[in-house]
Amino acid sequence: MSISKKDVEHVARLARLALTEEEKDRYTTQLGQILGYVDKLSQLNTDNVPPTSHVLPMSNVWREDKTEPSTGETLGSPEEILANAPEREGPLFKVKKVIE
Amino acid sequence: MSFTNLTATEIAQKVKTKEFKAEAIATAYLDRIKALDPKIKAFNEVFIDRALKQAADVDAKIAKGEAVGPLAGVPIAIKDNMLIRGERCTCSSRILEGFVATYDSTVVRKLRAAGAVFLGRTNLDEFAMGSSTENSAFHTTRNPWDTERIPGGSSGGSAAAVASRMAPLALGSDTGGSIRQPASLCGVLGFKPTYGRVSRFGLIAFASSLDQIGPFATTAQDAALLLQVIAGHDDRDSTSVNQSVPDYVTALGKGLKGLRIGLPKEYFIGGMDPEVDKAVREAVKTLESFGATSREISLPHTDHGLAVYYVLAPSEASSNLSRFDGVRYGRRAKDVKNLLELYEKSRGEGFGPEVKRRIMIGTYALSSGYYDAYYAKAQKVRTLVKQDFDNAFKDVDIIATPTSPSTAFKIGEKASDPMQMYLSDIFTISCNLAGLPGLSLPCGFSKTKLPIGLQLLGRPFEEGTLLSAVHHYEQAKSWNKETPNIAV
């Protein structure tokens with residue numbers, strides 16, 4: 001399996017990862033090796049094999065759609081959650097302008 | 001007698017009957033951590049005040065004659081990827097710098113209710129991706145049996161803490177062997193329950209179709225005690241199974257007469273450390289002395305399991321880790337021009353090399369044009385791996401294998417070659433792909449006094465059968481009572 005540096009740059013953009021030139025070179029080699037190993041899967045005939053997305057015989061699990069107060073017992077109070085924000089303005093998370 | 005030689009079961013009994021104060025127990029463990037952890041580095045943080053306060057609360061309840069839980073006064077170390085409200089949680093990653101958990105994970109909530117005393121957060125490979133703790137952004141944990149060697153991973157901090165008796169119990173998480181492999185390399189019992197047996201709510205997700213939380217302990221009885229507390233359905237984890245939890249401590253007494261043990265020929269391969277091979281075969285003979293029988297079986301897709309894992313786990317990780325974007329918590333890059341650059345730089349600076357590598361593999365495998373060849377194909381081969389086990393369990397009740405092909409390797413030995421590192425998980429991965437319960441127990445030592453682990457795999461939800469096998473083994477062999485020199 002051969003991976004080009006251009007492939008690595010494309011995937012890094014999809015994954016929202018800023019990589020240095022040195023990282024791009026390293027991942028070009030290593031991704032090729034790992035995907036080469038994984039290619040052994042193509043040796044197996046799986047034409048009539050169903051995929052396993054869940055190992056237990058479970059299908060959809062439903063619950064009632066009801067609101068609960070947000071507290072530390074469940075998901076944390078709004079103030080606790082906002083205290084983790086790298087940047088905030090009042091009760092809001094602050095980011096750069098989304099639409100130029 | 002030293003408090004830190006007691007089992008969790010003994011601590012719980014003696015605290016309840018007022019023979020010892022929980023505070024004295026907590027103090028003994030905190031003192032031991034203070035003395036030993038500078039050498040082992042199992043902990044990312046030790047909760048000195050919290051532990052003493054929790055212990056004092058247990059003592060106050062007992063003094064007033066109030067009912068206490070099954071782990072009252074029992075200290076426990078918690079892998080640093082499970083949320084404890086009000087404490088930091090880092091996944092040993094720079095990207096979670098400064099993050100403080102705003103709620104309790106379900107396992108932590110249950111431990112609190114049971115009266116457990118939290119000693120601290122233990123080190124791991126960043127986001128549980130690795131087999132040595134060398135991928136931690138903070139430090140590499142040392143194997144207590146030889147501090148030049150790795151403790152295994154990703155739950156290496158929890159395994160090393162229990163092995164050096166800095167904690168009688170610990171929690172880990174296991175996606176491809178992250179409880180069993182470090183348990184094996186550190187000489188303790190590590191147990192990954194059936195997928196769905198323990199809620200993952202509040203466990204920071206790595207690969208959701210594989211992740212499971214489980215105990216580290218020194219005896220089967222202690223593992224049963226802890227599993228009893230954390231097992232069960234949880235409305236907040238839709239993959240947790242709504243099935244009653246049996247009494248695991250009672251199950252320990254169930255005899256092994258007639259128990260059929262399968263030895264998969266694919267797991268006893270050339271290139272394996274002969275000392276490991278020998279110790280594992282002898283351990284099976286010991287189980288036979290209690291009336292069990294063994295036979296060779298075949299799990300033909302074993303060799304493909306690792307390839308399936310290294311498609312599925314990174315794919316799921318690339319999706320799960322998209323939440324770390326520098327917006328709501330954690331590290332945010334400075335001096336960025338726009339939102340896209342904020343994401344890219346925060347993630348590029350915040351994640352370490354292995355996490356980035358896996359995000360890249362996963363994103364590639366899920367990307368347009370490659371999905372069928374990698375992800376969809378791996379999901380189908382996963383079915384073949386699972387069918388191997390379904391067929392095997394028609395003829396046998398449990399499966400015995402080595403946990404790891406070798407004993408603990410040296411720090412730095414495999415760090416530069418990701419494929420070599422991935423191969424150290426070769427015996428533990430299929431269990432996660434099939435959702436089975438699996439454990440590793442100490443079954444001997446190499447000539448150089450490094451622990452060797454026996455892996456036992458069972459049918460889904462038959463945790464009790466595995467624990468009873470370990471419990472009987474412990475009556476015949478006392479490997480689990482050996483402690484490293486550093487801890488004497």
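What follows is a chat about the terms used for this predicted model.

Student: What makes H1(A) roughly perpendicular to H2(A)?

Tutor: Helix H1 (residues 5–14) and helix H2 (residues 21–38) of chain A pack at an angle of about 105°, with axes 9 Å apart. The label covers 65 to 115 degrees, so H1(A) counts as roughly perpendicular to H2(A).

Student: Which residues make that contact?

Tutor: From H1(A), you have Lys5(A), Val8(A) and Glu9(A); from H2(A), it's Lys24(A), Asp25(A), Tyr27(A), Thr28(A) and Leu31(A). By class, that gives three nonpolar, one polar and four charged residues.

Student: Over to chain B. Why are S1 and S8 said to stand at the edges of the sheet?

Tutor: Look at the order of the 11 strands in this open sheet of chain B: S1-S3-S2-S4-S6-S5-S10-S11-S9-S7-S8. Strand S1 (43–46) and strand S8 (293–297) each have a single partner strand, so one side of each is left without a neighbour in the sheet. The pairing is mixed, and the twist averages 30° from one strand to the next.

Student: How do you know that S5(B) and S10(B) really pair?

Tutor: Pairing takes at least two bridges. Strand S5 (residues 189–192) and strand S10 (residues 438–445) of chain B have three bridges between them, so they pass the test for a pair. They run antiparallel, and Gly190(B) has Ser440(B) as its bridge partner in S10(B).

Student: What packs on the sheet, touching S4, S5 and S6 of chain B?

Tutor: That's helix H7 (residues 220–230) of chain B, and its direction makes about 145° with that of S6(B). Helix H5 (residues 156–163) of chain B lies across several strands, among them S1 and S4, and runs at about 155° to S4(B).

Student: Which residues touch the most other members of the largest nonpolar core?

Tutor: Ile76(B), Leu119(B) and Leu189(B), out of 171 residues. Leaving aside neighbours within four places in sequence, the contacts of Ile76(B) include Leu111(B), Phe118(B), Leu119(B) and Leu171(B). H10(B) gives the largest share of this core, nine residues.

How values were computed:
Residues numbered from 1 in each chain as written. Chains lettered and ligands numbered in written order. Predicted model: local features only at pLDDT ≥ 70, side-chain atom pairs only at ≥ 80, totals over all residues. Axes fitted to C-alpha atoms, helices over the stretch in contact; angles between N-to-C directions. Helix = DSSP H or I, 4+ residues; strand = E, 2+ residues; numbered from the N terminus. Parallel < 35°, antiparallel > 145°, perpendicular 65-115°, else oblique. Contact = placed C-beta atoms within 7 Å. Nonpolar A, V, L, I, M, F, W, Y, C, P; charged D, E, K, R; others polar. Core = buried A, V, L, I, M, F, W, Y, C linked by C-beta atoms within 7 Å. Buried ≥ 20, exposed ≤ 12 C-beta atoms within 10 Å, placed from the backbone.
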